[in-house]
Amino acid sequence: MDDHPFYSKDLDEETLFVVTQTFKALSDPTRVRILNLLFEKEYSVNQIAENLHLRQSTVSHQLRFLKNLRLVKYRREGTTMYYSHDDEHVINVLQQMIQHALHH
Ligand SMILES: [Zn+2]
């Protein structure tokens, strides 16, 4: 690990804050399901609600939360917003964690 460019033996406060906040963001079943759905392609709020059998208000609430942490982004097409994930690191951590859960 010593030659890893980002490795340091201790972490500064801001880094620790972002790391722990991100784990908190992932510690909610609905947010995990939404981020997992967004792994491969973008979806509208409606499509997310339909695919995951969730209420639109629930989906919108969680998307706002994820947007604030810059874990998702959207693009507007007419009146429809299409959401996609906005961070390769976090989506990869999530996929690793899902693989971890599946091999148990
Ligand atoms: Zn594992």
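Let me start with one pair of residues. Valine 72 stands opposite histidine 85, which sits in β3. That pair belongs to the contact between β2 and β3, two antiparallel strands joined by six bridges. Keep in mind throughout that this is a predicted model.

Stay with that hairpin. Two residues lie between β2 and β3, and glycine 78 takes a positive phi near 65° there. I will come back to positive phi values.

Now the rest of the sheet. In what order do the three strands of the open sheet lie? The order is β1-β3-β2, and the pairing is antiparallel. The edges are β1, residues 43–44, and β2, residues 72–77. Each has a single partner strand, so one side of each has no neighbour in the sheet. β1 is joined to β3, residues 80–85, by two bridges, and these strands also run antiparallel. Look at serine 44 here: its bridge partner in β3 is tyrosine 82.

Step back to the whole chain. The protein has five helices and three strands. Along the sequence they follow the pattern α-α-β-α-α-β-β-α. The C-alpha trace spans about 50 × 35 × 20 Å along its principal axes. How much of the protein is buried? Of the 104 residues, 15% are buried. Then the contacts. Take those with a separation of 6 or more: 49% of them are between residues 24 or more positions apart.

On to the helices. Two packed helices are described by the angle between their axes and the distance between the axes. I have two pairs to show, and both involve α4.

First pair: α2 and α4. α2 covers residues 29–37, and α4 covers residues 56–68. They pack at an angle of about 80°, with the axes 10 Å apart. That makes α2 roughly perpendicular to α4, because angles from 65 to 115 degrees count as roughly perpendicular. Which residues of α2 and α4 meet? From α2 we have Thr30, Arg31 and Ile34. From α4 we have Thr58, Val59, Gln62, Phe65 and Leu66. By class, this contact of α2 with α4 has four nonpolar, three polar and one charged residues.

The crossing is right-handed. On the α3 side, the residues are Val45, Asn46, Ile48 and Ala49. They meet Gln56, Val59, Ser60 and Leu63 of α4. The contact of α3 with α4 has five nonpolar, three polar and no charged residues.

Alanine 49 lies in α3. Is alanine 49 buried, exposed or partly exposed? It has 18 C-beta neighbours inside 10 Å, so it counts as partly exposed; the buried class needs 20 or more. Setting aside neighbours within four places in sequence, alanine 49 is in contact with Leu54, Arg55, Gln56 and Val59. Serine 60 is 11 residues from alanine 49 along the chain, and their C-alpha atoms are separated by 9.1 Å.

Now glutamine 99. This residue is found in α5, residues 88–102. Glutamine 99 has 9 other C-beta atoms within 10 Å, so it is exposed. Between glutamine 99 and valine 45 there are 26 Å from C-alpha to C-alpha, and the two are 54 residues apart along the chain.

Last topic: backbone angles. Most residues other than glycine have a negative phi. Two residues in this model go the other way.

One is histidine 53. Its phi is positive, about 55°, although histidine 53 is not a glycine. Where does histidine 53 sit? Its place is in the loop between α3, residues 45–52, and α4. Histidine 53 is exposed, with 7 other C-beta atoms within 10 Å.

Another is arginine 70. Phi is near 55°, again a positive value in a residue other than glycine. Arginine 70 lies in the loop between α4 and β2. With 10 C-beta neighbours inside 10 Å, arginine 70 counts as exposed.

Definitions and conventions. Residues numbered from 1 in each chain as written. Predicted model: local features only at pLDDT ≥ 70, side-chain atom pairs only at ≥ 80, totals over all residues. Axes fitted to C-alpha atoms, helices over the stretch in contact; angles between N-to-C directions. Helix = DSSP H or I, 4+ residues; strand = E, 2+ residues; numbered from the N terminus. Parallel < 35°, antiparallel > 145°, perpendicular 65-115°, else oblique. Contact = placed C-beta atoms within 7 Å. Nonpolar A, V, L, I, M, F, W, Y, C, P; charged D, E, K, R; others polar. Pairing = 2+ DSSP bridges. Buried ≥ 20, exposed ≤ 12 C-beta atoms within 10 Å, placed from the backbone. Left-handed = near helix turned anticlockwise from the far one by under 90°.
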